[in-house]
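Have a go at each task before you read its solution.

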Amino acid sequence: MGLAPKEPSKKSYISGQISYKGGRASWPLPDSVLEIRLVAFKNYPLSDSSSILKELTDGNAYFTIDTLPRFVDKADYSLEIIDPPALLKYIAVAQRYGNLFQWRVIGVYSETGDNTKPSTVMVNPGDSLTNINIEVDFLNLPPQPF
Amino acid sequence: MDRLFINRWILLFLSILFLSPTQVFSLSKITGKVIDKSDGSPLVGASIRLEGTGLGTFANKEGNFLLKGIKRAKYTLMVTIVGYESKHLPVQVLDNDSVYLLIELKSKPLSTGEVVVSANKRIQAVQDVPISISVVSNSDLLTKGSTRFDEALRYVPGIIMNKDNINLRGSSGFAFGLGSRVALLVDGFPLLSGDQGDMKYDAIPIFNIEQIEIVKGAGSALYGTGALGGVINIITKEPEENFKIKGRLHSGFYTLPRFQQWRYREDVPWKFGFDISLTSKFNSFGYIISGGLENDESYRQYDKSLQYHLFTKLNNNFSEFTKASILFNFASDKSDDWVYWNSLDSATIPPTNINKDARILSTKLALAGDLKHIFNSKNFLTFKTGLYRTYVENNLNISDPEYRQSNALSFNTDAQMNSSLADRTLLTYGLVATFNRVTSKLYGKVNQDIYAGYIQGELAQIKDLIITIGVRTDYEKTDSSDYQLEFSPKLGLNYTSFFGPKFRLSIGKGFRAPTVAEKFASLKFSGFTVAPNPLLKSEISWSAEIGSTMDFIIAETPLQYDLSIYHSEYDNLIEPTFDNTQQGAVIKFLNITKARITGVEFTLKSLLFGFIGFQTSINAMKPMDINLNRTLKYRSTFFWYNSLLIPLGNVELYTDYRFINRMETVDELLKLQVRDYDARVPMHILDFRLKLKLKEMTNIPIVLTLNMKNAFDYYYTEVVGNLGPTRFIGLQIESGL
């Protein structure tokens, strides 16, 4: 009968905490931090910077719809994975510093703590994966995913 | 400045009213009687008009009529009434002549006897029009129990309502209601706002509408800017001879959604309202005074609205040849600021991060004068002038980035002459001036001036063929922007074939000058930022159509079909577009594309078994974005509307069903702002109504209507992130004394 909400038992999430090394004092100037979003990509690496937006619009990436809190020490997040099962090859914190196409990755999920080696996460229907935590170090940004 | 304008306008109107030359006529007259051909009974209320003269009357209760003050000439008398064939009769009138006519009309059950004014800016029978036109009559409005203008249009063939945009044969997508591509008029007076160029549905006096005429296809050759995809002209009622008071009370509720996630409150949300209207005539003076309100708690949280409206129409016949009317319409609306949902899972609540204290207050005021003066039986003048003021403001602090305020005054004047040059050769020509004065926090202080002249000839010397040729020139200037000049020609043919069907053909140009809002908008709302673009150019269209209509009988069942094949080419279409050259998620209105829409529209009416009314219409089209070689955004390509009426004595059962296929494409970048932006499905909407006429049973003049809208509680979206209205069950009581 037309549109319907999803049954809660079939929803899948990843959640965790983003911590900013050096606390709120470490943030860049406000005019270069227009948005902070958590993004989880199915494909990795990407071909170039413009492909980030393409991955988003093509449905190959999941992202928080609103900006996450900015200029804070840490922030919790929860992200619904709308069409599980999904293999998330690259989970990152992204900063928009300009127009709609101007994004940079500032933190990457890595089980080892090595931000050059992103970890993969498998999300199945009904999964709620916690502790997908990411540390952001504005003084030592990870390599971009392309 | 505004007051000065208003004073000048009133002065101009009164000058024309009182300085009009006194008519000098020979005193010929036409009298006669209109009767049913089969049994000779008088046809009360039949409309009798001398084509192209402005002279007309109605048959009285004996079927008799009288037309006076007619100059020596050949004329065509047009006779129409619901349920009978229309007739065109040649009449020769000599000096000081008295012509008597006995007019017999043949019964034709599916004929609505409609006369329209919008296709050619003059009264004519709907079947003589060279372009597709749909008419929503007063009885249609009563039948459907429409309390809002958008509800009244939902079953019109070729129309899809995209929230605040009317999409006529694919002309419009979704543009936040801005820049309507369909011109809207009330009694010929433009009613698009001066800043946003949009329709304010609550400003339409729905309780006082005689009929709504929808002209499909480009109509700028007569109506200028805005008539890119068509024209909607609302004809209001005329004052009645004897004092009459009528009222309507309606109330109902939205049933709670089936899904617990969508229940944002425990009890059902209610909608109620009333309308009341008084009318009468004293000698040559007549009036209608009407008012009402509607309170809608809505099926969504933070989507409430409270609307008031007041409508007054004053008519005065200074003589048989000089008539004037003044129309006053006021509407006020206080509403929540719903834009889109939080997500599909919480489709009845807005995003959690918006300010839910924001309320929008808007007022609309229209004041228009209309003067008709018949100089002689060959020439008459129609002079319309008036203003339309819209004001909108939200209750946020002026320093808040989402504070919105706009005040727009639109002055319109149209001086039109109709001349009958020779037998069946009619000329319609006139001058138009429109001044939009906008003082706005959103758009700044902006003046937009439009001057236009138009001329159109209708030639009907060849038997059964009417040829229409016309052109209009518009000059538009908005403050420091370059002026724009547009020429809009049209050609129309209407042919009544010897073997039955009537054929029509039309080609015409439409254009729409960008609105003040599209050029100068600078605002933020619900996460969107809209930036100005003063370099916007007019969008234009060329429309062509061939059509046919015929009444016929199969197995004693009367049927009527109407078929149209239409094609439109659009250039410089203005669309709200994410602008990637600017900081932030910015929307700009840009001339981005060429488009081509080709389609077919088919309507079939019947009276099954002699008493069940039935209508079905299908519209299939291919709306292509030529630049991107894909379907235009926000367009459905197939829609199918059906209506069935079963009268059972004093009870009438109505059912309507509409199917609209899933929009193929929307703006994909909305994904960044609107959760589940892509949640859309085909629409299957079923409405039921049960009407009980108590007058027939109890002699109490009351009609009760029980209605159920979206009876199956089907869930769908009309535009991105907006759940369509859920099931509504209501009761309406109408009475008149």
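**Exercise 1.** Work out how the radius of gyration of chain A sits against the value for a compact globule.

*Solution.* Keep in mind that this is a predicted model. Start with the chain length, which is 146 residues. For that length the globule rule, 2.2 Å times the number of residues to the power 0.38, gives a value near 15 Å. Chain A comes out at 15 Å, so the two agree. As for the outline, the C-alpha atoms fill a box of roughly 50 × 30 × 25 Å along the principal axes.

**Exercise 2.** Find out which elements chain A has, and in what order they run.

*Solution.* Count them up: there are ten strands and one helix. Now walk along from the N terminus, and you'll read β-β-α-β-β-β-β-β-β-β-β. Next, look at contacts with a separation of 6 or more: in chain A, 75% of them join residues 24 or more positions apart. Finally, buried residues make up 46% of the chain's 146.

**Exercise 3.** Track down the largest nonpolar core and say which residues have the most contacts inside it.

*Solution.* This core has 78 residues. Those with the most contacts inside it are Leu3(A), Trp341(B), Tyr443(B), Phe528(B) and Leu723(B). Strand S33 of chain B, residues 557-579, gives the most to this core, with five residues. Now zoom in on Leu723(B): leaving aside neighbours within four places in sequence, its contacts include Leu3(A), Trp262(B) and Trp341(B). Apart from this core lies another, of 32 residues, with Phe149(B) and Ile232(B) among them.

Methods. Residues are numbered from 1 along each chain as its sequence is written. Chains are lettered from A and ligands numbered from 1 in the order in which they are written. This is a predicted model: local features need pLDDT of at least 70, side-chain atom pairs count only at pLDDT 80 or more; totals for chains, interfaces and linings use all residues. Side-chain values use heavy atoms; hydrogens and water are left out. Helices (H or I, at least four residues) and strands (E, at least two) are DSSP runs, numbered from the N terminus. Buried means under 20% relative accessible area, exposed over 50%, partly exposed in between (1.4 Å probe, protein chains only). Contact means heavy atoms within 4.5 Å. A nonpolar core is a set of buried Ala, Val, Leu, Ile, Met, Phe, Trp, Tyr and Cys residues joined through side-chain atoms within 4.5 Å.
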